[in-house]
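Welcome, and thanks for taking a look at this chain with me. Please keep the sequence and the 3D view open side by side as you read.

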Amino acid sequence: MKLKDLTPELVVSVPCPTCGAASERPCLLYSGEPHIDSHIERKFYAAETIELRRWGDLESLLQR
Ligand SMILES: [Zn+2]
């Protein structure tokens, strides 16, 4: 999963490792205001998580 292929919906499907925002919640700035965009770490984390989920799906298919 490339970062440019990530949609905002996919990014918010994972929690943010930077500000601690829960999944499906927007990122928060230090001031407590909602972040207009997600933290870059969250995007990397989402890309990684989606990649792992894909491999997980593939493995479960192969085990059938
Ligand atoms: Zn965040």
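## Glu9 in its helix

In which helix does Glu9 lie? Glu9 is part of α1. This is a predicted model, so please read every value below as computed from predicted coordinates. Glu9 counts as exposed because 9 C-beta neighbours fall inside 10 Å, and a residue is called exposed at 12 or fewer.

## Glu24 in the loop

Glu24 sits in the loop that runs between α1 (8-11) and α2 (40-62). Is Glu24 buried or exposed? Glu24 counts as exposed, because there are 10 C-beta neighbours inside 10 Å. Setting aside neighbours within four places in sequence, Glu24 is in contact with Val12 and Ser13. Val11 is 13 residues away from Glu24 along the chain, and 8.7 Å separates their C-alpha atoms.

The backbone at Glu24 deserves a look as well. Its phi is positive, about 70°, although Glu24 is not a glycine. Most residues other than glycine have a negative phi.

## Cys16 in the loop

Cys16 is also placed in the loop between α1 and α2. Here the neighbour count gives another answer: Cys16 counts as buried because 23 C-beta neighbours lie inside 10 Å, where the cut-off for buried is 20 or more.

Which residues is Cys16 in contact with, leaving aside neighbours within four places in sequence? They are Ala21, Cys27, Ser38, His39 and Arg42. Trp55, by contrast, is 39 residues from Cys16 along the chain, and their C-alpha atoms are 22 Å apart.

## The helix α2

Now follow α2 from end to end. Its 23 residues reach 33 Å from the first C-alpha to the last, close to the 33 Å expected at 1.5 Å a residue. This helix is hardly covered: two of its 23 residues are buried.

## The chain as a whole

Stepping back, the chain has two helices and zero strands. Its radius of gyration is 14 Å, well over the 11 Å that the globule rule gives for 64 residues, so the chain is more spread out than a compact globule. Along the principal axes, the C-alpha atoms fill a box of roughly 50 × 20 × 15 Å.

How much of the chain is buried? Buried residues account for 12% of the 64 residues. As for contacts between residues at least 6 apart in sequence, 47% of them join residues at least 24 apart.

Notes: Residues numbered from 1 in each chain as written. Predicted model: local features only at pLDDT ≥ 70, side-chain atom pairs only at ≥ 80, totals over all residues. Helix = DSSP H or I, 4+ residues; strand = E, 2+ residues; numbered from the N terminus. Rg over C-alpha atoms; globule rule 2.2 N^0.38 Å. Contact = placed C-beta atoms within 7 Å. Expected span 1.5 Å × (residues − 1).
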